[in-house]
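I want to know which ones pair up and where the pairs sit.

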Amino acid sequence: MVVKTRKQNVKDQPPQPNVDDRDRSPFVSPGTGKSRRAGKGTPFNSLLHNRNGLFPGFSFIRSKLGLTPSAFVKLGITLVLAALAGYLHWYHLSRLFENDRHFSHLSGLEKEMAFRTEMGLYYSYFKTIIEAPTFINGLYLVMNDRLTEYPLVINTLKRFNLYPEVVLASWYRIYTDIMEFFGLPTKMCWSINRGEGMAPVDGCEGMGDPAYFYVTFVFLLNGLMMSLFFIYGTYLSGSRLGGMVTVLCFFFNHGESTRVMWTPPLRESFSYPFLVLQMLLLTHILRTHNPSRKTMWALGISNLCFMLPWQFAQFVLLTQVASLFASYILGYISPTKIQSLLVTHMITLAVCFVLMFGNSMLLTSFYASSLVSIWGIIALRDKFAEAFKPGLITWVMQGLVWVVSTVILKFMLSAIFGASDDAHISSLIKSKFTSYKDFDTMMYTCAAEFDFMEIETPLRYIKTLLLPINMLVVAVVAGRTIQDVVRFLREGEKYSVKPEDDDDDEEPEMLAKGELVYHSLQLIAFAVLAMLIMRLKLFLTPHMCIMASLICSKQLFGWIGEKFKLHMMVFGILSIMAMQGAANLQAQWGIMGEFSNLPQEQLLDWIKDNTRPNAVFAGAMPTMASVKLSAGRPIVNHPHYEDAGLRERTKLVYAMYSRKSAEVVKRNLMQMEVDYFVLEDSWCTRRSRPGCSMPEIWDVEDPQNAGKVPLCTLMSRDSRPHFATVFHNNVYKVLRVPKAAKELR
């Protein structure tokens, strides 16, 4: 609204925000009712009020947001600092990736080979869509894929969470079409002499290069994520210094916080930034007395954007729902609010189920069952109150009912839908606490990233003070929570969270405590996951950075004294953190390399030149992803190991690395209509630790053949008479299924 004079009728004035209204003013420290009065006579504030000032548009924006001039300036400063943090992270990721691979000077084939294992598989569908005659035709090809699990026709959009590739491919086609229409160049190419008798290659740099376009948008998204981290830390702590602490902690512990700079196409690279947004919105909802419908919609959309790109998102959301439920049990979240959150989660899950073409893994997950269980418990809260005396027994019973009902409902739904795709997750968890092991679990646990957290990880947290700070914050929150619990147990119903429509002085304090209790419980949940599966420290470390921002919170550390003393303490801590943090950054910046994989390049060139386009290949999962991506040949197995049928196919293929007879393995390959098997001798001999070589893994699955010479060793020496060697170099050996076997199809 544009005003002509400073005087207005009361009824015409835009509503002025209350400094205690956390829905309007996110920069007021939660739990405090004090705010500095905005200066009235400053030139900048006068310009904001005056339509004839230098910034007349600011007055309109400010009035729409309902902010005072002072709050509007603070918001602008916060957004500028957030943008700076995002830019620095984007630049940091781009430089690390370029320094590690010299990506801009790689040929198209070398860039594709740099996307190993799952990365190559996901990128192959982006390549399929952009190379198709039309976008619709490309979309049809990925939804009716005949190359990934030959001879099956599968909807890869449903199976592999490929919405990021679909979106990026559409953007790439639009970008190249527009640039071509205006006759503008999109990339710069040059010839690169590789030496050592190798033929020169053409390397291209620019947004017109598909691989360059792909990774650029991944890094931009994760740069935006850092902007969200700054805003998140600022909002949670009530101080821009808290946002700075969060960002610096992330950079100082960068190697423990993310791996997007080494593995851009992985699902978490697209998914995790939306989890940060979702948790920021959730924090706002927990802090706000009556969250608006728009806020709940925003939470649902961010939730959906988190779930669509990544099949493991459901497990993270399970920990979130569990943390919220625990906060509800303790009385920090009202029944009305948690029911609103549950409805949002349920709607999001239903929409995701539809967009994923009825992927049963979503409905049969512990996450889905947990939503229903918690809803039922809250709906029956009066029954619990009648059956048990309010207090510890009621809390324990609600927790037990949640666990038991969630497990029962999950297995009932799995039986109804006949779903077993996530059975390996249960087996993996079982193997962590017992001596249980089988082929599938050992394929996971023998990889370092799925093992228990290594002891070096918490030591690195200690060196940067990240762990001590988090322990201090959690201890303070836990201390205050215990005080509340003890007071409740002593005073009973006289001390409890007021209803949502009850507006009194205690309500803001309880809301502020609720968000801190939730974040502490979420931290504990992430810590448990990270200790069980080291790969999941990528959730723990960033959340620790968020929690570290609370050292700037007046609500928790106001007892230290005035703001100056608190800030001096924070700067002192940051100075100590920077000693190890700077060393960590220097170590990252010192990584210099240049990607080269000549043996695989020779293999792929031979496949393209000497085999039919419909020749079917089998072999190690990472190599098969490259064969599909760069040679475009059908494959029977691949690195996306989350499907029960694919796990069975992979086991048949990997029998080549067992101690079974060659006749049995040949018959397996014949049944899958395989033409060529790519044998890698390293897969026969290497092991990450004792008991983790492929023959040793097979000894668990196939004990009757234990002690025999592995078949892969025999095939490396001489593949006759069962197979014919048609190509070999120092890494790969291609075995052809004999014609006699082919005729038996």
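Entry 1. I'm working on a predicted model. I took sulfur pairs within 2.5 Å as disulfides, and the count came to 3. Counting bonded cysteines along the chain, I get the pattern 1-2, 3-5, 4-6.

Entry 2. I looked up cysteine 189 and cysteine 204, whose sulfurs are 1.9 Å apart. The link is right-handed, with 105° about the S-S bond. Cysteine 189 is in strand β1 and cysteine 204 in strand β2, so the bond ties together parts 15 residues apart in sequence. I have cysteine 189 as partly exposed at 43% relative accessibility, while cysteine 204 is buried at 12%.

Entry 3. Next I took cysteine 446 and cysteine 692, with 2.1 Å between the sulfurs. This one is left-handed, at -80°. Cysteine 446 sits in the loop between α21 and α22, and cysteine 692 in the loop between α32 and α33, so parts 246 residues apart in sequence get tied together. Cysteine 446 is buried at 9%, and cysteine 692 is buried at 10%.

Entry 4. Cysteine 684 and cysteine 712 have their sulfurs 1.8 Å apart. The torsion is about 65°, so I noted a right-handed disulfide. The bond runs from helix α32 to helix α34, 28 residues apart. Cysteine 684 is buried at 5%, and cysteine 712 is buried at 0%.

Entry 5. What about cysteine 545, and which cysteine sulfur is closest? I found cysteine 249 at 5.2 Å, too far for a bond. Cysteine 545 is buried, at 0%. I also checked cysteine 305, which is partly exposed at 27%.

Note on methods: Residues are numbered from 1 along each chain as its sequence is written. This is a predicted model: local features need pLDDT of at least 70, side-chain atom pairs count only at pLDDT 80 or more; totals for chains, interfaces and linings use all residues. Side-chain values use heavy atoms; hydrogens and water are left out. Helices (H or I, at least four residues) and strands (E, at least two) are DSSP runs, numbered from the N terminus. Buried means under 20% relative accessible area, exposed over 50%, partly exposed in between (1.4 Å probe, protein chains only).
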